[in-house]
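Subject: Structure handover

Hello,

Here is the structure for you to look through. My notes follow below it.

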Amino acid sequence: MNELNVKIEWCDKNYCASCNDESLNGIVVATSKTLNGIKTEIAEAIVFHIEGCISDGDTLPDWITNHNYELVFDYQFSVIMRMTMEYIPLSVLSRETGINQKQLNHYANGIKTPRKPMRERIMTAVHNIGSQLQVL
């Protein structure tokens with residue numbers, strides 16, 4: 001089965017998804033308030049786009065027109081931070097990482113993107129907190 005890569009990120013107050021696969025003859029985008037909602041919205045938007053391309057007479061690969069594809073989601077770090085914040089307050093994450101809470105908020109809102117060592121530091125802290133909670 002072929003794959004369509006979908007990039008999901010946090011934009012202002014919504015999740016935003018985009019699929020920029022050349023097999024689609026264009027870019028497909030969607031927004032939603034929830035993570036599950038954005039997955040549904042982008043899937044429906046891709047189907048709508050394919051139907052539009054077919055009705056316009058565009059040539060698409062058979063695997064696209066037959067809907068023989070799987071969506072592969074690429075979560076940007078802002079989305080991972082948003083998912084984390086549902087369970088771990090930024091104050092706790094700040095204490096565990098030693099990173100200023102305001103800076104963590106910038107990462108969560110997509111205002112800034114942490115470099116790899118900082119992402120690893122944050123994710124290590126998330127895993128440590130999870131391990132501590134598992135013991136309970």
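What covers the buried residues of H1? The cover includes strands E1 (2-11), E2 (14-19), E3 (28-32) and E4 (69-75), together with helices H2 (62-65) and H3 (77-85). Covering here rests on contact, meaning heavy atoms within 4.5 Å. Helices (H or I, at least four residues) and strands (E, at least two) are DSSP runs, numbered from the N terminus.

Two notes on the basis. This is a predicted model, so local features need pLDDT of at least 70, side-chain atom pairs count only at pLDDT 80 or more, and totals for chains, interfaces and linings use all residues. Residues are numbered from 1 along each chain as its sequence is written, and side-chain values use heavy atoms, with hydrogens and water left out.

Helix H1

H1 runs over residues 35-55 and has 21 residues. From first C-alpha to last it reaches 31 Å, close to the 30 Å expected at 1.5 Å a residue. The expected span is 1.5 Å times one less than the number of residues. Buried in H1 are Leu35, Gly37, Ile38, Ile42, Ala45, Ile46, His49, Ile50 and Cys53. Buried means under 20% relative accessible area, exposed over 50%, and partly exposed in between (1.4 Å probe, protein chains only).

Look at both ends of this helix. At the start of H1, a side-chain oxygen of Thr34 comes to within 2.8 Å of the backbone nitrogen of Gly37. After H1 comes Gly57, with a positive phi near 85°.

H4 against H6

Helix H4 covers residues 90-97 and helix H6 covers residues 116-135. Their axes come within 9 Å and cross at roughly 110°. Axes are lines fitted to C-alpha atoms, for helices over the stretch in contact, and angles run from 0 to 180 degrees between N-to-C directions.

H4 contributes Val92, Leu93, Glu96 and Thr97 to the contact. H6 contributes Arg121, Ile122, Ala125, Val126, Asn128, Ile129 and Gln132. By type, the residues of this contact are six nonpolar, three polar and two charged. Ala, Val, Leu, Ile, Met, Phe, Trp, Tyr, Cys and Pro count as nonpolar, Asp, Glu, Lys and Arg as charged, and the others, Gly among them, as polar.

Val92 of H4 is partly exposed, with a relative accessible area of 25%. Val92 and Val126 are 34 residues apart in sequence and 9.7 Å apart in space, C-alpha to C-alpha.

Ser94 and Gln101

Ser94 is also in H4. Ser94 counts as buried because its relative accessibility is 15%. Neighbours within four places in sequence aside, Ser94 is in contact with Ile99, Asn100, Gln101 and Leu104.

Gln101 belongs to helix H5 (residues 101-108). At 40% relative accessibility, Gln101 counts as partly exposed. Gln101 and Gln76 are 25 residues apart in sequence and 19 Å apart in space, C-alpha to C-alpha.

Positive phi outside glycine

Asp12 is not a glycine, yet has a positive phi of about 60°. Asp12 lies in the loop between E1 and E2 and is exposed, at 64% relative accessible area. His67 is not a glycine either, and has a positive phi of about 55°. His67 sits in the loop between H2 and E4 and is partly exposed, at 36%.

Best wishes

Definitions and conventions. Polar contact = N/O pair within 3.5 Å; in protein donor to acceptor, adjacent residues only side chain to side chain.
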